[in-house]
Amino acid sequence: MTTLTPAFSFSLKNKLWQTELQHKFDLKIKSINPMPTGWYRVTVKAKNKAALKFIQDSGNFYLHQNHNTLSASLIKEADDKLALVFLRHNPLRSLTLHWHKLSSGEQAPSFSIKVKHISVASAWYYMLSQVSRKQAAEGGSRTYIYRISRARSKRAGVEVALSKLVKEYHPQLSYQLISCEPYSYWRQHKEPALLQAERCRCDTPSVQFHIILRAKDNLNALKQTLASLSTQSYPLWQVSLAELALVSPVDTEALLQQDNRLFRAENAHIAGTDYLLFLQEGDALTPDSLAIMANTLQQTGAPLLYTDHDLLNDEGIRVAPRFKPTWSPDFLMHHNYIGMAFTVQAALLHEEMTQPKWQLQHHYLLLLSAIKHIKPTARAENIVHIPLVLMHQAQKNLKRGYTPSMLAKLHHLFFDLSQQNNEPLLKITKGKADNLFHLHYAIPKPWPLVSLIIPTRDALDLTRTCVNSILLQTQYPHYEIIIIDNQSSDPETLKWFEQIAENEKVRVLKYNKPFNYSAINNFGVSQAKGSVIGLVNNDTEVINKQWLTEMLQHACRPEIGCVGAKLYYFDDTIQHGGVILGLWGLAGHAHKNYLKYERGHQSRLQAVHNLSAVTAACLLVRKSVFEEVGGLEEYHLTVAFNDVDFCLKVQQAGYRNLFTPYAELYHYESKSRGKEDTPEKKAREQGEISYMQQKWPENIAKDPFYNPNLTRLREDFSINIDDAI
C-alpha cells in the first residue's frame, strides 16, 4: 500500500545557520548573525532514494529571502541536486524553503542544504554554466552565452552583461540587481511621492468614518492601533471598541478617557451615511489614509472603496504588499483579494447591523453582504479602488481558514450574488489552496456544441498530439474539431488528415491562401456548427479531462466574453496565466516562467479571475459574441496580437474576460510558426505593434486588472522599482 509521506528531513551543512520546520511545506533557515552583502549560493541535495525521486518527479523548492514575498524556484543542476545563485545588497537574515508536492512512499525524503557566501567570479561561473547547459539542451551552442556575455561587457559594460545574464539564468531574480528587498526599496523611493500626490487637506470635510475596532486580549497592540488613528490628518472619525471582554475594565476606561471619539460598541451611534472600516488590534493606518479615502469618496460618491494593504510582522516591519486590481467580481467570488482594506457606507449593511454582535463578523462576509446591496450593473462604477497602501494588517490577524459556520454563510452569499446575475451556480467546492473557492456553474441544456478550431500547415506531430489529446482527454462530450488546413504539402500530414476526418467529431477544411491567423480563424468560425467557439493552437496538448467543462461553464454565462486557460511549457513552467497590457510597451503573459504549483500574485495562478485579455492559443467564446465584435482583425493583425485586440473589443462591448486555472494544457509556443527572425517578419511585427498602440493607448497605459505599482518590464508581478530615483 502506498502511503503519503508529508515529513521531509533536512540537514544543514553550515554552523552559521539553523533550521526551523514551520509546517509540512515550509522550512525556515535563520542566520545566527546577519550575513554580509554579496553573492550567495544555496544547494539542496538528495540524500536518499525518496529525495532523489522527488527531484526526478519535477519536485522543487521555492526560496524566499528575508521578508520578501517573491520567491524563486531552485534550478536543477544534476539529477540529485537543486541550486540557486542570488545577490544581496543588504544583510541576509533568513531564508524560507517552500514546496508543494508531497512524497509518496514509505520513506521520508531526506536532503542536505548548504548556504554559501560566494565571490563575484563564482557567481558568474555558476550562472554561465547553468545557462550554457540550458541552451545546449535546447539545441543551441554551449559556448554562445560565454561569447555574448564577453561581447556585451566590452560593448555596454559589465553591469549590462550581468543584467542580461541574470535574466537568462533566472528571470524571477532580475529585480535583485536593483534591490534584493524590492518592497523596502519601493517604500523608500516610490511611495512618498505617490502619497504626496494624493494627499489632500479638505477645507470642508464631510465624510464621517466609523471604525469598528476589535479588541481581543492584547492591550499593547490595541494601543498601537489607536495611536495610528490619533495621527490621522483627517478629523471626522470615531471608533467603536468591540470584543472588550478580555481587556480589563480599568484599561478600557482609561482608553475611553483619552479621546472623546472612542466608544464602546454597544454605546456607539452609526448613521446610515457613515463609512465603516473594520480593524483588529495591531492593525494600523498611514497618517493620511482617511484624508485620501475621504477625498476620493467626496469626488465619486462611491458607497464602497478599497485600497491596497500590506502586513505588519511581529517586528512591526511592513511586508507582503497586496497590490490589487480594480473591481474584479469573478476574482472576489473565488478569492477575497480585497481583504480587510475597504470602507463601506453603513446603509449597505443595515440588515446585518440589526444582528447581535454583527461587528464580530469576518470582513469577507461583511464585504460580500454590502456588495449584494449594490445593483450588479452599477458595481463597476460604485466600487472604487485606490492603488495606494493605506492600511497595514497585523500578520497575527490573518485567518488560515474558515470555520464551518462561516463557510455556510459564505456559500449562501455566493448563491445570492449569482442569482442576482441570473447565473445558475450549481455548487461551491474548495479551491486549489486554503481560503480559495471553486465555483461550479451549470451548463445550459441542451448542452451547447463547442466548435474547436485548429489551424495548421503540415506540423504533423504537433497537430496529431493536439487533436488526439482532445479526443482522449476531454470529458465534455458535445464538441466538434475543425482542422483548418492552410496549404499543407507533406504527404504524411495529408494522409493523416484523411484518416482523422473519418472520426465523427473531426472535420478537415482547406484554406488555400497565404498564412493569416485572423483570416483562417474567421473562416473556421464561419464554418462552425457550434454556438460556442474554441480557438485552439495546434501546438497545444490537453492535460486534464475537465478543461473544456471548466471553460465552457464560464463561456455560457451571459456577462462573460472570452475565457482563457492555464498553459505550461513542456518543463511545467507557466507559459500563460492571462495577458497583462502595458508590459514591454504593449502586452505580456502573466506569471511567465513561474512553476506549475506556485500560487502567483494574490493567488492568481490558482483562482478564477478577470483580465483584459487572454491568449487565443486556447480561448472559448460564444459565437454570438465573436460575431458581434467582428471576429479577429484580418487586415492589420495577420499574425500577432489579434487575440489581444479581440479580447479588448469584447471587453469594450460590455463583457468580462476571465482566466481559469482549472483548464490546463501544454503550449509549445509558436513552434509551428517559428521565430520573428527575418526582416519581413520583423517589419510585419512592428506594424502590428504600432497598430495596437494607436488603437488601444488607454488600455495599454492602464490595464485595470494590473496594479500600477507593479513592474511593466517583466512578466512576474514584481514591484515596480525599475524607474525609482
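How many positive and how many negative side chains does the protein have, and how far apart do the centres of the two sets lie? In this predicted model, the protein has 80 positive and 70 negative side chains, with Lys and Arg counted as positive, Asp and Glu as negative, and His and the chain ends not counted. The centres of the two sets lie 6 Å apart, the place of each charge being taken as NZ of Lys, CZ of Arg, CG of Asp or CD of Glu.

The model is a predicted one, in which local features need pLDDT of at least 70 and side-chain atom pairs count only at pLDDT 80 or more, whereas totals for chains, interfaces and linings use all residues. Residues are numbered from 1 along each chain as its sequence is written, and side-chain values use heavy atoms, with hydrogens and water left out.

The protein contains 21 helices and 35 strands, these being DSSP runs numbered from the N terminus, with helices (H or I) of at least four residues and strands (E) of at least two. Its radius of gyration is 27 Å, close to the 27 Å that the globule rule gives for 725 residues, so the protein is as compact as a globular protein of that length; the radius is taken over C-alpha atoms, and the rule is 2.2 Å times the number of residues to the power 0.38. Along the principal axes, the C-alpha atoms fill a box of roughly 90 × 65 × 60 Å. Of the 725 residues, 58% count as buried, a term that denotes under 20% relative accessible area, with exposed meaning over 50% and partly exposed in between (1.4 Å probe, protein chains only). The protein exposes about 30900 Å², of which carbon and sulfur atoms supply 51%, as computed by the Shrake-Rupley method with a 1.4 Å probe. Among contacts (heavy atoms within 4.5 Å) between residues at least 6 apart in sequence, 77% join residues at least 24 apart.

Lys114 is found in strand E12, which spans residues 110-118, and is partly exposed, with a relative accessible area of 38%. Although Lys114 and Asn14 are 100 residues apart in sequence, their C-alpha atoms are 6.5 Å apart in space. Beyond its neighbours within four places in sequence, Lys114 is in contact with Lys13, Arg41, Val42 and Thr43.

An unreviewed UniProt entry places the feature "domain: Glycosyltransferase 2-like" at residues 451-629, although such annotations may be inferred rather than shown by experiment. This span is 28% helix and 29% strand, and its end C-alpha atoms lie 18 Å apart. The peptide bond from Lys445 to Pro446 is cis, with omega near 0°, and Pro446 lies in the loop between strand E23 (437-441) and strand E24 (450-456).

Ser603, in the loop between strand E32 (587-589) and strand E33 (609-611), has a phi near 65°, a positive value in a residue other than glycine, and is buried at a relative accessible area of 6%. Phe641 also has a phi near 65°; this residue lies in the loop between helix H18 (623-628) and helix H19 (642-652) and is buried, with a relative accessible area of 18%.

Ala613, located in the loop between E33 and strand E34 (618-622), is buried with a relative accessible area of 0%. Its contacts, leaving aside neighbours within four places in sequence, are with Gly578, Val579, Val644 and Cys647, while the C-alpha atoms of Ala613 and Leu581, 32 residues apart along the chain, are separated by 8.0 Å.
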